[in-house]
Structure formats: C-alpha cells, structure tokens
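Welcome! Take a moment to turn the model around before reading on.

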Amino acid sequence: MAPLTQTNTRQSVVERRIFSWTWLGVAPFFLFVAAFLIWPTLSIIAQSFLDQERRLTLRNILELGHPFIVSSYVYSLQLSAVTAIGGGILGGLLAYAITIGGLPRPLRDAVLSFSGVASNFAGLPLAFAFIATLGQLGVVTQWLRSIGISLYPAFSLYSFWGLSIVYIYFQIPLMVLIMAPAFEGMRREWREAAESLGASSWHYWRYIGLPILLPSILGTMVLLFGNAFGAHATAFQLTGGGSQGNVVTILIGAQISSDALANPGLGNALALGMIVIMGVCIGLYTWLQRLSARWLRS
Amino acid sequence: MLKRFWPWFWFIIGATYFLVPLYATFDFSLRARRGELSFAAYANVLNDIKFVESFWFSFQTALATIVISALVIVPTAYWVQLRMPRLRPVIEFFTLLPFVVPAVVLVFSLARTYNRTPLTDSREGLWVLLVGSYVILSFPYMYRAVDTGLRAINIHDLTEAAQSLGAGWFTILARVIFPNVYTALLSGAFITFAIVMGEFTIAALLAQPAFGPYMNRLASSKVYEPSALAIISFALTWAAIAAMQWIGRGAQARIAGPR
C-alpha cells in the first residue's frame with residue numbers, strides 16, 4: 001500500500017498546480033455525454049413545463065391524467081411488475097439451483113453462458129421466436145391442438161399475459177446473471193454454524209439465508225422492473241405499435257412521428273414520467289445493493 | 001437423491017423455458033415449403049438484397065460506434081485513473097444513465113431537441129444522431145471493460161516510463177495504453193456489436209435503413225422468414241457473446257439494458 005499513498009500525494013500536488021489542464025482530459029467524454037444525453041434529456045424535462053409560447057405551465061403534466069394515458073401507464077406498470085416478479089422468482093430459483101443447489105458444475109457454466117446470450121436476445125427476434133412458438137400457427141400451439149388443447153382464442157400472444165410470457169424470457173437470464181454471484185457469496189460457515197446449533201434447513205433459510213439475500217433479490221427485481229418498463233421493440237412488434245399501443249414506450253415513440261398532435265408538450269410530459277419512474281427504480285436498486293453489500297461481497 | 005430434487009426441478013423448468021422457443025423457432029423456420037423441411041426461408045432471407053443492404057448498414061454503424069466509443073472511453077478511463085481517481089464514481093454515474101433514460105426516451109429527446117437543425121434535416125445528420133445514441137448505449141459496457149483492463153496494468157509506471165523516454169500524451173495513449181487494454185476493449189466491442197446489430201427502436205424512429213427496421217418490415221409481409229431471421233440473430237448474438245466471454249475469460253457476464 002505504501003507506494004500507492006506516495007503516488008496519491010504526488011498526484012494532488014500536480015492536481016493543484018495544473019488544475020484546469022487536468023480537467024481537459026475528461027472534456028471529450030463530458031462534451032459527448034452532454035450533447036447526446038444530458039442536454040436533450042434536460043431540455044425535454046424543462047419543455048414539459050412549458051407551453052408552445054414557452055411560458056411556464058403545468059398543463060402538460062396535468063394532461064397525463066387523461067384516461068387513455070393513465071391506462072397506458074397502469075398497463076406498463078402492471079406488465080413490468082408481473083414480469084419482474086415472475087422472472088425474478090423463476091430466475092432466482094434457477095440461480096439457486098445452479099449455485100448452492102449442488103448441480104454439476106458444467107450445468108452452472110452452461111446456464112450462465114446461455115443467460116449472457118439470452119439477456120441480450122430481446123427486441124424483434126425474441127418477438128419472432130415467440131410468434132413461431134405460441135402464435136396462432138406456432139409450433140407449441142399446433143402441438144397442443146394435436147393433443148386436444150386449444151390455446152386460442154382464450155389465450156393470445158398479443159394480450160397482457162402473452163406479452164408477459166415473452167418479457168419473462170429476457171427477465172430470467174438477467175436475474176440469473178445478477179443473483180448467481182450473490183448465492184455464491186453465501187458462506188458455507190453460516191450454514192454450518194446454524195446447523196451446529198440445531199437449525200433445520202427451514203430455520204436456516206427463514207432466519208439467515210433469506211434475510212441476507214432479500215435486499216439483493218428485491219434490488220434485482222427492481223432492476224428487472226425498470227428493464228421491462230423501458231422495453232419498446234418487443235412490445236412494438238407484438239402489438240403492432242399502432243395508436244392503440246398500450247405500453248408507454250410505444251406511446252412515446254408514436255409522439256415522434258405525429259407532429260399533427262394537438263399538444264406537442266404531451267410527448268415531453270410522457271417522457272418525463274418515464275424518466276421519473278426509471279430514476280426511482282435505479283435509486284431503489286442502488287439503495288438495496290448497498291444494504292446487501294454489508295453481507296455479500298460478490 | 002431427494003435432496004437434489006428441487007434444484008433439478010428448477011433447472012429443468014428454466015431449461016424448458018429457455019429452449020422450447022428456440023427449438024420451436026428453428027422448427028418453424030424450416031417449414032417454408034409445404035410438406036417438407038427445408039432451408040428455403042434462410043435462402044430467401046440471405047438472397048434478399050434488402051437484407052444484405054440493411055445488414056451492411058448496421059455493420060458499418062456498429063463499427064463506427066465501437067471506434068468512437070473506444071476513442072472517447074479509453075483516454076477518459078486512463079486519465080481518470082491516472083489523475084482524477086475521485087471522478088470515477090461521477091463517470092460511472094454518467095455511463096449508467098442509459099439505464100435511466102430508455103432508448104425510446106433518448107431518441108425522442110434527440111429528435112425533439114435537434115429538430116430543424118442539420119442533424120435532423122439530412123440523412124447524414126440522422127446517421128450522426130444514430131451513432132451518437134449507440135455510443136451512449138455502449139458506454140456502460142465499454143467503460144466497465146476498459147476500467148477493469150486498466151486496473152490490471154500499472155498505468156502510473158507505464159506512463160512515467162514512457163514520459164522518461166520523451167513520449168507525449170498522444171504517443172502514450174496510442175502506443176502504450178491502447179495496446180494494453182486491447183483485449184478489454186474487444187470484450188466491450190463485441191457486446192456493443194451485438195446490441196447495435198439487433199437494435200430497432202432508435203434506428204426505426206430515426207428512419208434509418210438499419211437491420212432492425214428491416215426485420216420489422218419483413219415480418220409484416222412474410223410468415224417463415226422472420227423465424228429464420230430470429231435464428232440468424234440468435235446465432236449472431238451467441239457468437240458475439242461467446243467471443244466476448246472467450247476474450248475476457250473469468251470476467252463477469254454483462255448486463256443488458258432494456259430494448
């Protein structure tokens with residue numbers, strides 16, 4: 001550690017002397033982020049409080065109360081919650097199975113590699129895959145029909161539950177990727193200590209395992225929630241992306257092309273609502289990660 | 001035996017969820033000709049000039065994204081580690097912002113903010129916006145990869161050694177730092193490649209002739225070809241991620257942003 005502190009002091013001297021020049025090194029990064037992310041986002045946030053004559057107004061925000069928009073937000077929130085919980089539970093159990101569940105090591109590696117791919121396999125190709133699987137002509141639909149179970153019209157891939165099944169496909173791998181290291185961070189000594197005091201498997205999980213893992217599990221589920229809430233392409237392909245689009249992201253996307261809309265400020269307010277919800281998600285996630293870091297260093 | 005029951009049970013459930021759609025898609029993609037299994041759908045897709053064009057367009061866009069992202073991230077990560085270590089959380093915060101601002105909000109903001117400027121009035125301008133947004137999306141992966149790569153080498157000693165031999169900052173970056181983070185850079189590059197090739201939202205809303213919008217258009221007129229595209233896409237993603245995992249052996253798998 002000694003050389004390190006030495007460097008640090010030398011550095012701070014340098015920093016004080018050529019302070020302004022040092023900042024120049026990170027200027028390209030900040031300029032880029034400012035031009036393509038911060039400035040546009042901030043201007044959208046600011047504009048959602050301005051009317052067309054650039055006067056302060058709350059009208060755009062109040063317009064979010066329109067039943068059509070509220071139902072869209074509710075739909076998105078429900079979809080995100082269902083897929084975060086469903087994907088979180090399935091993914092969590094899978095992560096448990098391949099880590100401390102004691103399955104053969106090659107299976108663990110295979111699931112982790114596959115998850116790396118599957119979590120990036122979203123958007124249009126994923127929609128295509130599920131149309132080929134559970135669509136009206138889908139392979140699984142046909143197979144079920146051949147054994148006497150007809151999914152349609154009771155079920156539709158393009159309905160809420162259909163969309164949920166598709167979303168969960170990319171939620172599970174994300175949960176596995178984040179939770180597997182957390183499960184592996186559980187020390188065997190904790191379990192041994194509990195067992196030597198007479199704890200059963202139930203006791204161990206109820207009083208030790210779950211309380212330690214809970215912040216991490218909840219935090220990851222919050223992340224999954226945001227992941228689903230911001231998703232656009234998959235829903236666009238499945239629902240057609242028409243004006244009946246019931247997911248918020250599709251509504252926002254539709255605002256870009258339709259200049260004919262009565263109030264262009266509405267699009268800004270829609271985007272603002274989305275940023276606020278995503279911001280809350282990331283904030284919650286960070287807070288829960290910090291809680292879990294007390295026990296798990298993974 | 002009973003003790004291992006539940007882990008196996010959950011593994012089989014998970015594996016079924018993962019593999020059945022893939023199998024079904026593959027099966028479906030072989031049925032383009034009535035009554036026989038064939039690769040006709042693949043042949044149709046690969047022979048489609050629009051497929052080749054849009055694929056090539058996205059390929060070039062991905063390369064441009066990777067080069068620009070590397071040119072911004074490597075000097076930044078290097079400089080932050082060398083001179084401004086306290087700035088690292090700030091940079092990390094900014095690179096993680098794309099998770100707070102989803103792709104659709106990002107492209108909406110860009111389109112609105114730069115409305116009626118050369119950036120939205122011309123084809124080239126829109127392409128600049130496209131690459132710019134992709135570079136932003138690539139930052140979380142690139143920064144983390146490069147930052148980890150830089151931590152593995154002693155940049156303070158390397159810098160001093162280079163300076164004592166008379167090298168300027170440009171030489172240090174180009175001939176000492178870049179070669180040393182090359183593998184880390186590649187692993188970030190592959191995931192960026194996978195993301196850009198499959199991206200739909202930004203490309204479609206900026207009206208770009210990219211691979212994503214092509215897939216969307218194809219799906220409205222064809223039945224079997226989209227599933228062939230899904231398989232091709234999956235293979236491509238697999239190849240990119242496998243290359244990334246092979247290069248960064250032991251490095252943790254990356255997290256995808258929402259798309």
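This is a predicted model: local features need pLDDT of at least 70, side-chain atom pairs count only at pLDDT 80 or more; totals for chains, interfaces and linings use all residues.

Residues are numbered from 1 along each chain as its sequence is written, while chains are lettered from A and ligands numbered from 1 in the order in which they are written.

Let us begin with chain A, which has 14 helices and zero strands; helices (H or I, at least four residues) and strands (E, at least two) are DSSP runs, numbered from the N terminus. Two residues are in contact if their C-beta atoms, placed from the backbone, lie within 7 Å. Among contacts in chain A between residues at least 6 apart in sequence, 75% join residues at least 24 apart.

Now look at where the chains meet: 72 residues of chain A are in contact with 71 residues of chain B. Helix α3 (residues 27–47) of chain A gives the most to chain A's side, with eleven residues. That side divides into 45 nonpolar, 26 polar and one charged; here Ala, Val, Leu, Ile, Met, Phe, Trp, Tyr, Cys and Pro count as nonpolar, Asp, Glu, Lys and Arg as charged, and the others, Gly among them, as polar.

Next comes the largest nonpolar core, with 157 residues. Such a core is a set of buried Ala, Val, Leu, Ile, Met, Phe, Trp, Tyr and Cys residues joined through C-beta atoms within 7 Å. Helix α9 (residues 160–184) of chain A gives the most to this core, with 16 residues. A:Leu94, B:Val107 and B:Val146 have the most contacts inside the core. Leaving aside neighbours within four places in sequence, A:Leu94 touches residues including A:Val111, A:Ile172, B:Trp10 and B:Phe11.

Finally, find helix α12 (residues 211–221) and helix α13 (residues 225–247) of chain B, which pack at an angle of about 150 degrees with their axes 8 Å apart. Axes are lines fitted to C-alpha atoms, for helices over the stretch in contact, and angles run from 0 to 180 degrees between N-to-C directions. This angle makes α12(B) roughly antiparallel to α13(B), a term for angles over 145 degrees.

Notes. Angles under 35 degrees count as roughly parallel, over 145 as roughly antiparallel, 65 to 115 as roughly perpendicular and the rest as oblique. A residue is buried if 20 or more other C-beta atoms lie within 10 Å of its own, exposed if 12 or fewer, and partly exposed in between; C-beta atoms are placed from the backbone.
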